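Please read the following report alongside the sequence and the 3D view. It goes from whole chains to single residues.

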Amino acid sequence: MAQLPLGDPAPKDGLLPVSALTHQDKSFHAYVHIPFCRVRCGYCDFNTYTATELKGVSQDSFAAQLIEEIRFSHRVLSESKFEPKPLSSVFFGGGTPTQLPASDLAAILGALIEAFGLERGIDGVPIAEITTEANPDNVDLEYLEQLKVAGFTRVSFGMQSAVTSVLKTLDRSHTPERVPLVVEWAKQVGLQTSVDLIYGAPGESIADWQASIDAALGYQTDHISAYSLIVEPGTKLARQIAAGELVEPDEDEQATKYELADAAFEAAGMRWYEVSNWSTSESTQSAHNLSYWQSKNWWGFGPGAHSHIGGVRWWNQKHPATYVAPLARGESPALGRETLDAKTQLEEQVLLMIRTKQGLPIQVLKDLAVFEPKLIAGLIADELIDAKSAMRGIIQLTLTGRLLADSVIRTLIA
Amino acid sequence: MSPRATTRLEPAKTNPELIRNFCIIAHIDHGKSTLADRMLQLTGVVEAREMRAQYLDRMDIERERGITIKSQAVRMPWALDGKTYALNMIDTPGHVDFTYEVSRSLAACEGAILLVDAAQGIEAQTLANLYLAMENDLTIIPVLNKIDLPAAQPEKYAEEISELIGCDPESILKVSGKTGFGVEELLDHVVRTMPAPKGDPNAPARAMIFDSVYDSYRGVITYVRMVDGHLAAREKIQMMSTQAVHELLEIGVSSPEPEPTKGLGVGEVGYLITGVKDVRQSKVGDTITLNSRPASEPLTGYSEPLPMVYSGLYPIDGSDYPNLREALDKLKLSDAALVYEPETSVALGFGFRVGFLGLLHLEIVTERLEREFNLDLIATAPSVVYEVTMDDKQEITVTNPSEFPTGKVKKVLEPIVKANILAPKDYVGVIMELCQGRRGTMLDMQYLGEDRVQLRYILPLAEIVFDFFDLLKSKTQGYASLDYEEAGLAEGDLVKVDILLQGEQVDAFSAIVHKDNAYAYGVKMTTKLRELIPRQQFEVPIQAAIGARIIARESIRAMRKDVLAKCYGGDISRKRKLLEKQKEGKKRMKMVGRVEVPQEAFIAALSTDGEKKGEKKSK
């Protein structure tokens, strides 16, 4: 399981430092982590559990316990004199949020709306983006209808692949045929749709991947995410590769697959807006996803969830049992946190904003005192960044550059 | 059998008739230090409880490797036939790199014990030193050591020795330094057969410096052999080569710990302390005389030892450069043969071009720098000194391949050596093959005893500074031994091969090689670098070139993907820390043009050849 970063111990009262108050005008977002799955996928190192009962935390009582953190957050922000904007987005991730009954998700969303309200358009109608991840296996038309009624606007299905053998390697339980069905139901009830794809599973051929791309485009969703498979240490997949049962994904082939996907998506009218995300229009980009890359304010609820508010990052206890215990005492479930100084905040902007199509203003490099025209010229010469954007003061990655984003970052600030 | 001497003769008043000065000539692991240890115990100068193995080897490296770098002298009492004698044992460096120091030690003695491992027979280095001893008219006592070993073949090797020095095989002493067997008899033999020193006690004082050691507490300790006259504490002495005058703060003998005395007389061996801080002010080979009554002639002409091999030494962490300079300055205090000057490499940054007497010297110096001064170093491939004459008659001395001139070269002279290889006769074929592949010319071949052969070759020094010794050892299952001596300069058909990364010359990889080997070198380096240098954001061509002519090329394909797919549930801290780690990694990179080359790649590319040199492999 992914290690949490090292930071300072988090204060029990969760109060924010005064320095955070200067960031109140940024939009506010909520992430909700549901740490349950029916089975753990071989590649997954996220914080999730398959048991229904975990040392006093059951899937049945989890929603109520998570709502405790929502109440806690509301109290902490007001005691810190931090007045957040109404929520611009809410995102339920996991684990498998749809492992819980729709009524639980509705209750959590309700508590969030009660505490913070939703962003509204000039006509007074809520325009906040409310998404849940969903496993094609455990939602049906009725479930999706309940979500819609509760206020959800968007659903993102974990499709991963259209090829049975690849799904098996990834330990996914759904059949490929299930995906078009659930996407269709989601559209029927009026939800925006997205599918997640994973490329580079051991044994996946170029043709397999092309088939997944074609299938995903065939469902005509509003949004597609495509992530390259990363072999995380400690996962079953890593052990299988170490034992020689599976072959480690080849980075060059991963690059080829990314290029294939980008070409197919663009040809179908979907544009990239972040390294791993494409959408049919600007309005169907995931506002929640962008909030991470734009260093907005967000509170992450649930075990192991990360938060960022006003230059303070913190992360919760990972295990559901150690997560709920402090909440029951009215204390923060956070394990560690760090307060970023001005320089670190700027450096983060470089490594986050550069991933978006909107790009990184060169001014950030100047503020960091690392602006070197020679380096930028080199990146243009290597066709890693777009020349025209650079001349307008923006670093925007080219297709090749997106694949080498980390190298570009090192060139700019290391 | 002699009893231990009950009284010791007083230094400064010892009758030269009762003095014996000798050294031990032996191959590196033939047991010289163990035999010396046994003598120290038997004569009672070191009590058993104070005994530590290889008592005389002071430097850690010496003790670990079992080799002697600096020589030292010990005065031991020994009684025979009712008379007490003073034996001075002068320890000599065993390696050819230190031939100059060896010859000075030999000059301080009247006799030498030729110590040969009874299971191995005589080796090439020993032959070289034996030759020097015989040239110095020393009385030789041949001794077979390690006769306690099951594999010992004393008769066979006694035969071999007798053929070499022309003695009766029966007369050769058999000892075991380990058990002490025969050592007393050997000491008796030293007294009986070795001549006493001769000198004029009334002539102006003349003492020869045979070793000079830097001690961080006491300054330079100079070891001398008195030839004529007398020296006493508090007298003013003069170094005859420089006319520099110093006061004798302390004079004494080692037994084996320093014992101050009133003075030193004819034939005696001892030490002096004058308070000078740099061994260069007290040079091995120089003659010391009294300032008040100086001698007119020095004992032997002093000659500066010349470096044979050069290598660039660079700190891995560039900020260690001042520390490297300081460390070299300190080492120089105790190593008069060390020469160096600052050098800049495009690829490796700031460092020093360092000259060495030979490969072992190089290895010892780099190891001492790393161990005693805590430095991490990159050493460039060792190179020899070339004399280049241009078409316009201009002459250039090249100690660094990257300085090889680019204009019209008329001729290139390179140092050559006379190599002496000893091996069992079955290996003659592979040795000849190896030497011919290294541009060797055979001088002669001789049988030593029944099954051992001595091959003598003229070889370019440059051909043996790389991996020659390792190859010789591996091709002969470790049986061959090698010794070489300088044999002047010879013209060679040599060219400089440059290695270019993305068109930028990497100076550290330039090499001067024979025309016929240029292509092989180019292919080897380009292939190796392709494997060692990580892929970059762009394609990197690697070329080997002679001047403007490309002779080999490879390329490193551009890296295509280096991006994290997503941030786990908004865990930005993790991503940032990853970047910080990568930033750290980048600091250890050297930039060649726009190409990032990890330090490790330089080390790996430079170390494969000529890494393991010299003696330590011969065990």
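**The chains**

The model is predicted. The table lists overall values for each chain.

Chain A contains 16 helices and 17 strands, while chain B contains 14 helices and 33 strands. Contacts between residues at least 6 apart in sequence can be sorted by how far apart the partners are. In chain A, 72% of these join residues at least 24 apart. In chain B the share is 71%.

Where the chains touch, chain A supplies 39 residues and chain B supplies 26 residues. The chain B side of this contact consists of 12 charged, nine nonpolar and five polar residues.

**Helix H2 of chain A and its surroundings**

Helix H2 of chain A covers residues 102-116. Its 15 residues reach 21 Å from the first C-alpha to the last, close to the 21 Å expected at 1.5 Å a residue. Buried residues of H2(A) include A:Leu105, A:Ile108, A:Leu109, A:Leu112 and A:Phe116. Among the elements that cover the buried residues of H2(A) are strand E2 (28-34), helix H1 (59-79) and strand E5 (87-94) of chain A. Strand E6 (129-134) and H3 of chain A are also included in that cover. Just after H2(A) comes A:Gly117, with a positive phi of about 75°.

How do H1(A) and H2(A) lie relative to each other? Their axes come within 10 Å and cross at roughly 10°. Angles under 35 degrees count as roughly parallel, so H1(A) is roughly parallel to H2(A). On the H1(A) side, the contact is made by A:Ala63, A:Leu66, A:Ile67, A:Ile70 and A:His74. On the H2(A) side, the residues are A:Asp104, A:Ala107, A:Ile108, A:Ala111, A:Leu112 and A:Ala115. By class, the contact of H1(A) with H2(A) has nine nonpolar residues, one polar and one charged.

**Helices H3 and H5 of chain A**

Helix H3 (residues 141-150) and helix H5 (residues 178-189) of chain A pack with their axes 9 Å apart, at an angle of about 35°. Their crossing is right-handed. H3(A) contributes A:Leu141, A:Leu144, A:Glu145 and A:Lys148 to the contact, and H5(A) contributes A:Trp185, A:Ala186 and A:Val189. Five residues of the contact are nonpolar, two are charged and none is polar.

**Helix H4 of chain B**

Helix H4 of chain B (residues 124-135) has 12 residues, which should span 16 Å at 1.5 Å a residue. The end C-alpha atoms are 17 Å apart, so the two values agree. Buried residues of H4(B) include B:Asn129, B:Leu130 and B:Ala133. Just after H4(B), B:Asp137 has a positive phi of about 60°.

**Backbone details**

Most residues other than glycine have a negative phi, and most peptide bonds are trans. A cis peptide bond joins A:Gly94 and A:Gly95, with omega about 20°. A:Gly95 is in the loop between E5 and H2 of chain A.

A:Gln220 has a positive phi near 50°. This residue is in the loop between helix H6 (206-218) and strand E9 (223-228) of chain A. B:Asp81 also has a positive phi, near 50°, and is in the loop between strand E2 (73-80) and strand E3 (83-90) of chain B.

Is B:Asp81 buried or exposed? B:Asp81 is exposed, because 9 other C-beta atoms lie within 10 Å. A:Gln220 is partly exposed, with 13 other C-beta atoms within 10 Å.

Technical notes: Residues numbered from 1 in each chain as written. Chains lettered and ligands numbered in written order. Predicted model: local features only at pLDDT ≥ 70, side-chain atom pairs only at ≥ 80, totals over all residues. Axes fitted to C-alpha atoms, helices over the stretch in contact; angles between N-to-C directions. Helix = DSSP H or I, 4+ residues; strand = E, 2+ residues; numbered from the N terminus. Left-handed = near helix turned anticlockwise from the far one by under 90°. Contact = placed C-beta atoms within 7 Å. Nonpolar A, V, L, I, M, F, W, Y, C, P; charged D, E, K, R; others polar. Expected span 1.5 Å × (residues − 1). Buried ≥ 20, exposed ≤ 12 C-beta atoms within 10 Å, placed from the backbone. Parallel < 35°, antiparallel > 145°, perpendicular 65-115°, else oblique.
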